[in-house]
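Hi everyone, thanks for coming along. I'd like to walk you through one structure today, so please have a look at it with me.

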Amino acid sequence: MGRRSGSDGLASSGWIELRPYEGLYCVSCEAYYTEEDLIDGSLCPIHQRPVEWLKEDNYFFKLSEFADRLLDWYEKFPGAVTPESKRNEAVGLIRGGLRDSRLRSQSNVSGLESAISLRHSTAKA
Ligand SMILES: [Zn+2]
């Protein structure tokens with residue numbers, strides 16, 4: 001298939017997933033918008049031109065699967081984030097549900113891959 005090498009290792013980790021994404025897309029911004037972001041629900045707020053409905057395969061980083069781990073971390077190290085109000089804000093956000101983040105390009109995938117493998121090796125040490 002059209003999948004480029006380099007992403008396979010990360011894909012097999014289960015943290016990265018290739019799945020179709022669709023939404024309102026501005027070609028000039030190379031970015032997706034939600035209807036609320038648009039002028040009159042149909043124009044790009046930056047270019048003031050119509051966006052189009054686009055569907056494409058995208059890599060997603062399964063951030064949502066890290067929620068429990070993050071909450072554990074905040075519990076274990078209560079002093080790590082100060083002031084406490086910031087910490088509570090972060091915990092609240094995580095409890096509210098993390099959304100998987102869309103990786104915009106292959107270079108994002110590669111960068112993330114090296115970041116994760118780096119963390120893996122330091123965690124084992
Ligand atoms: Zn635009």
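Let's start with a pair of helices: helix 2 crosses helix 3 in a left-handed manner. Keep in mind as we go that this is a predicted model.

Now the geometry. Helix 2 covers residues 67-76 and helix 3 covers residues 84-95; they pack at an angle of about 160°, and their axes are 10 Å apart. An angle over 145 degrees counts as roughly antiparallel, so that is how helix 2 runs relative to helix 3.

Let's step back to the whole protein. There are four helices and four strands, and from the N terminus they come in the order α-β-β-β-α-α-β-α. Of the 125 residues, 6% are buried. If you take contacts between residues at least 6 apart in sequence, 60% of them join residues at least 24 apart.

One last stop: histidine 47. You'll find histidine 47 in the loop between strand 2 (31-33) and strand 3 (52-61). Is histidine 47 buried or partly exposed? Partly exposed, because 13 other C-beta atoms lie within 10 Å. Leaving aside residues up to four places away in sequence, histidine 47 touches Cys26, Ser28 and Cys29. Take serine 28: it sits 19 residues from histidine 47 along the chain, and their C-alpha atoms are 7.6 Å apart.

Thanks, and I'm happy to chat.

Definitions and conventions: Residues numbered from 1 in each chain as written. Predicted model: local features only at pLDDT ≥ 70, side-chain atom pairs only at ≥ 80, totals over all residues. Helix = DSSP H or I, 4+ residues; strand = E, 2+ residues; numbered from the N terminus. Buried ≥ 20, exposed ≤ 12 C-beta atoms within 10 Å, placed from the backbone. Contact = placed C-beta atoms within 7 Å. Axes fitted to C-alpha atoms, helices over the stretch in contact; angles between N-to-C directions. Parallel < 35°, antiparallel > 145°, perpendicular 65-115°, else oblique. Left-handed = near helix turned anticlockwise from the far one by under 90°.
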